[in-house]
Amino acid sequence: MPGEIDPGRCGAKTVFAVADFAGQWRESPAGAGEIFTMNPRAELLSPAGRLLLDRRCFLGRSATALGSVALTHLLGGEGMLASERPEIDPARPYAPRPPHYPARAKNVLVVFCAGAVSQLETWDYKPELIRQDGKPLAGGPPVTFQGPSGNLARPQYAFRRRGETGKWVSDLIPRLADLTDDIAFVHSLTSKSNTHGPAENFLSTGFVQDGFPSMGGWVTYALGSENHDLPAFVSIPDPRGVPQASVNNWGPGFLPAEFQGTPFSASQPIRHLTPPESVSRGQDAAARGLLQRMNARHLESHPADGKLAARIASYELAARMQLSVPEIGDLSTEPAHILKSYGADDPSNATKAGYARNCILARRLIERGVRFVQLFNGAYASGGKLNWDGHNALKEQYDVHAEILDQPTAALIRDLKERGLLEDTLVVWCTEFGRMPMFQKGAKGRDHNPDGFTCWLTGAGVKPGVSHGATDDLGRKAVENVLSLHDFNATILHLLGIDHERLTFYHNGIERRLTNVDGKVIREVLA
């Protein structure tokens with residue numbers, strides 16, 4: 001069939017070199033806008049493809065493309081490109097790597113309260129909610145996540161001013177409230193989901209769907225670790241169980257598998273680290289030495305096999321962990337006054353004591369330079385019995401959960417400060433979304449609220465004693481300096497010296513980021 005090519009689009013009358021698809025070339029004179037007949041199979045080409053059959057146009061566009069390649073190289077050398085992947089040696093995937101710019105924090109400790117803690121019973125004081133207790137919410141939704149809405153309900157705990165800042169904080173968490181002067185509160189956060197699993201995904205990975213890398217995975221992919229003998233990223237589940245989104249909170253997603261978190265706790269250490277009793281320490285060391293030599297020889301024969309190098313590196317880390325993990329998990333070396341300050345020796349509350357021991361484990365990991373430690377308080381959905389999901393009997397359940405959280409977490413932060421570790425450690429307190437200002441109809445609890453809730457930061461690089469953003473007078477929606485969890489996560493990365501727009505990984509044709517295509521640093525909470 002005839003095909004049209006307009007040489008004027010490349011500028012001028014010329015002679016076309018037309019491929020005849022049989023491997024031969026012939027020249028066909030043509031003027032601007034003239035029609036000539038091409039091989040019938042040329043109709044399979046797009047207009048742009050046909051245009052490339054013009055030699056002059058092809059060469060002109062090639063020159064532009066080469067210039068673009070050169071510009072990209074120059075911009076990359078200056079660190080001015082949005083995408084800038086870290087260079088990772090497969091044989092040393094956890095080796096420390098430089099940040100994009102000087103970091104304020106070297107380590108991160110995330111205290112993740114699963115189940116969606118009510119901001120109205122903890123950090124977000126709303127006197128207007130007290131005044132309107134028992135009244136219907138004018139213009140409010142008749143139905144929320146779990147069913148019909150009831151009337152507005154006052155906070156179930158008294159608030160009082162704390163510290164030199166005078167910030168109002170609830171009596172529910174008195175020991176954490178005493179730390180208010182050191183905390184930067186963000187009161188205007190929003191989420192993209194009001195369902196626990198997807199909302200945990202969004203907080204931990206930046207996406208509500210499964211399959212994306214966790215924040216700890218991104219951080220260790222970017223920075224590696226300062227510790228040679230322990231995992232770069234450790235996740236410590238609550239004694240009551242794992243959170244609703246489970247391994248998604250510490251998974252690698254599409255990042256290399258070595259950047260997933262290693263889950264273990266004070267009561268559930270890493271399994272299979274101890275050699276069988278029939279194998280002596282000397283025999284075990286000799287076997288590992290032989291295996292190391294064999295692996296090294298095999299790697300020399302396959303120097304370009306990055307997967308092989310990464311696999312060997314993971315086995316070598318596991319071997320070193322046989323010595324380092326039992327030592328770090330042995331809390332019998334902790335002084336009695338430390339155990340008491342955390343509540344780890346509380347005989348009346350086994351769950352609190354278990355969580356307290358997890359807090360001590362978290363401090364020991366930070367002390368040894370583990371880059372990212374994730375500490376969970378609360379487990380999976382259970383009607384509020386095992387986590388902070390207070391739908392039906394909020395006060396009754398929060399009395400239980402707060403006793404587990406308050407003393408150990410406050411002691412952990414104080415301990416980090418007294419040891420000088422907060423100078424290099426960023427502490428994050430977070431939850432997946434907030435709670436409604438009204439009770440659910442026929443119940444004494446609050447439904448899910450992704451439109452306005454509180455998380456906070458303290459430690460390295462954080463401005464102490466500030467509150468940023470606000471919800472409305474009833475705590476229903478964020479109305480002042482409204483922020484997304486993408487902004488919150490961008491701020492965490494910033495304090496680690498990471499530009500969230502430059503930390504990317506190419507997957508399925510897209511340069512993926514923790515913050516997707518959003519996020520801005522919350523500079524008002526930075527020191």
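Is Glu367 buried, partly exposed or exposed, and what is its relative accessible area? Glu367 is partly exposed, with a relative accessible area of 34%. The points below start from this residue.

1. Basis. This is a predicted model, in which local features need pLDDT of at least 70 and side-chain atom pairs count only at pLDDT 80 or more, while totals for chains, interfaces and linings use all residues. Residues are numbered from 1 along each chain as its sequence is written, and side-chain values use heavy atoms, with hydrogens and water left out.

2. Accessibility classes. Buried stands for under 20% relative accessible area, exposed for over 50%, and partly exposed for what lies in between (1.4 Å probe, protein chains only).

3. Salt bridges overall. The whole structure holds 23 salt bridges. The criterion is a side-chain nitrogen of Lys or Arg within 4 Å of a carboxyl oxygen of Asp or Glu. Side chains of opposite charge can pair when their charged atoms come close.

4. Glu367 with Arg363. These two form a salt bridge, with 3.3 Å between the closest N and O atoms. Both residues sit in helix H10 (residues 350-367), four residues apart, or about one turn of the helix. Helices here are DSSP runs (H or I, at least four residues), as are strands (E, at least two), numbered from the N terminus. Arg363 is buried, at a relative accessible area of 2%.

5. Glu367 with Arg368. Glu367 also bridges to Arg368, where the closest N and O atoms are 3.9 Å apart. Arg368 is partly exposed, at 28% relative accessible area. Shared partners link salt bridges into one network of Glu327, Glu334, Arg363, Arg364, Glu367, Arg368, Asp415 and Arg419.

6. Arg162 with Asp171. Their side chains form a salt bridge at 2.6 Å, N to O. Arg162 is buried, with 8% relative accessible area. Asp171 is partly exposed, with 28%.

7. Asn249. This residue lies in the loop between strand S11 (233-236) and strand S12 (262-263). Asn249 counts as buried because its relative accessibility is 0%. The side chain of Asn249 makes a polar contact with the side chain of Glu200 at 3.2 Å. A polar contact is a pair of N or O atoms within 3.5 Å; within protein, one must be able to donate a hydrogen and the other to accept it, and residues adjacent in sequence count only if both atoms are side-chain atoms.
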